[in-house]
Amino acid sequence: MKTQTIHSPSYDSGLMERLLFRVAKKWVAGYSANDAISAAAESNAKGMSAIINFLGEDTTNAEQVSLAVSEYARLMGLMQEKGVRGCVSVKPTQLGLVLGYDFCLQNFRKLADKAKSLGQFLWIDMESVKFTEDTITIYLELLKQYRVGIAVQAYLKRSGGDILHILEYGGAIRLVKGAYHELAEHAFASREEVDQSYLHLMDMLFEAGNFFAVATHDSKLINAAVARYNGKVEFQMLKGIRDDLKADLVSKFPVAEYIPYGNQWLPYSVRRIRERKRNLILLARSLVG
Ligand SMILES: Cc1cc2nc3c(=O)[nH]c(=O)nc-3n(C[C@H](O)[C@H](O)[C@H](O)COP(=O)(O)OP(=O)(O)OC[C@H]3O[C@@H](n4cnc5c(N)ncnc54)[C@H](O)[C@@H]3O)c2cc1C
């Protein structure tokens with residue numbers, strides 16, 4: 001009987017999902033907004049602010065997009081109600097960028113209005129390079145009326161120009177290395193080149209003197225930012241990564257923790273697993289065990 005159950009496809013996929021989620025749980029707060037609020041309250045208790053992300057991307061169904069907008073609006077209200085210090089960070093393709101630029105902008109406006117009414121900041125995540133141009137245009141539209149920030153990826157060869165452009169409008173940038181697979185025509189491939197680019201872009205941001213976020217777990221980049229700290233930098237790190245470093249930084253600098261939640265946890269977790277060989281071993285152990 002036991003053998004039959006193990007070979008049932010539905011049982012296998014359910015089991016596989018549970019095992020994978022056991023690993024993903026390191027980076028993801030859970031399935032519900034309440035799970036995210038609890039994780040955010042923990043970050044706040046450790047002195048960090050929270051940046052909450054409702055997981056989802058590449059949405060091609062308008063109804064799903066509306067659900068994501070409603071979920072974010074509800075989440076922002078919950079943050080206010082529970083006294084959570086922080087804001088949300090949203091992916092453009094979850095708000096319908098695949099379905100159309102205007103549709104996506106309209107959805108971002110709904111969330112930006114909500115954030116404004118609650119006195120909250122709003123971050124826009126950056127996704128794969130085919131969305132970079134539209135994401136920046138949407139961002140600059142929103143920046144006319146709202147307190148918003150945008151992620152810029154150091155691995156993209158175009159990012160120096162993008163940063164200059166965004167800074168012209170006084171934008172707030174979160175500098176990340178970049179988490180997607182991109183072709184060599186768009187992105188630096190080696191770790192050294194990406195790190196060099198990160199340092200160069202960080203220099204540009206320090207020279208401009210606007211508020212920006214150093215979003216990395218890389219000690220050498222963080223040390224470089226600490227050495228030039230000017231009171232206008234926030235360090236941002238992902239939930240479940242380099243907690244030691246967060247504890248170290250938080251006593252001296254503003255630190256925010258990025259907290260994802262929701263049932264679309266797989267693509268996000270795959271990006272985290274790919275980032276580090278040791279995570280593959282963790283995953284393999286969990287599957288075998
Ligand atoms: C707040 C925040 C927001 C982000 N937003 C975006 C975004 O909008 N768009 C985007 O493309 N990317 C985003 N990223 C992801 C980013 O692009 C990188 O993929 C990710 O941060 C890993 O790169 P790293 O800078 O930490 O450097 P790495 O060189 O990858 O890592 C440096 C060190 O950090 C630790 N570390 C890094 N990753 C892991 C891991 N998965 N598990 C365990 N340890 C790890 C290791 O000790 C490693 O040696 C964001 C990252 C952060 C922190």
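Two points on conventions before I start. Residues are numbered from 1 along each chain as its sequence is written. Because this is a predicted model, local features need pLDDT of at least 70 and side-chain atom pairs count only at pLDDT 80 or more, while totals for chains, interfaces and linings use all residues.

Confidence first. pLDDT is the predictor's confidence in each residue, from 0 to 100. The protein chain has a mean pLDDT of 93, and 94% of its residues reach 70 or more.

Now to strand β5, residues 172–176. Is β5 mostly covered or mostly open? It is mostly covered, with five of its five residues buried. Buried means that 20 or more other C-beta atoms lie within 10 Å of the residue's own; exposed means 12 or fewer, and partly exposed is in between, with C-beta atoms placed from the backbone. On one side of β5 are A172, R174 and V176, on the other I173 and L175, and all are buried.

What lies beside β5? Strands count as paired if DSSP finds at least two bridges between them. β4 (residues 148–153) runs parallel to β5 and is joined to it by five bridges. A151 has R174 in β5 as its bridge partner. Between β4 and β5 the chain passes through helix α7 (residues 159–168), in a right-handed β-α-β crossover. Right-handed means that, with the strands pointing away from the viewer, the path from the first strand over the helix to the second runs clockwise.

Next comes β6, residues 212–215, which is parallel to β5 and joined to it by three bridges. R174 has A213 in β6 as its bridge partner. I173 stands opposite F212 of β6. With helix α8 (residues 191–208), β5 and β6 make a right-handed β-α-β unit. Both faces of β6 are covered too: F212 and V214 on one side, A213 and A215 on the other, all buried.

β6 also pairs with β7, in the parallel sense, over four bridges. Opposite A213 stands E234 of β7. The crossover from β6 to β7 goes through helix α9 (residues 219–227) and is right-handed.

Now the ligand. Which residues come nearest to it? Of the 23 residues around it, they are D125, A151, A179, T216 and H217. A residue is near a molecule or strand if its C-beta atom, placed from the backbone, lies within 6 Å of it. β4, β7 (233–238) and α11 (265–275) each give two or more residues to this shell. β7 gives the most, with three.

Last, two loop residues. D58, in the loop between β1 (49–54) and α4 (62–81), has a positive phi near 55° and is not a glycine. D58 counts as partly exposed because it has 14 C-beta neighbours inside 10 Å. R242 is also not a glycine, with a positive phi of about 50°; it lies in the loop between β7 and α10 (243–250). R242 has 16 C-beta neighbours inside 10 Å, so it counts as partly exposed.
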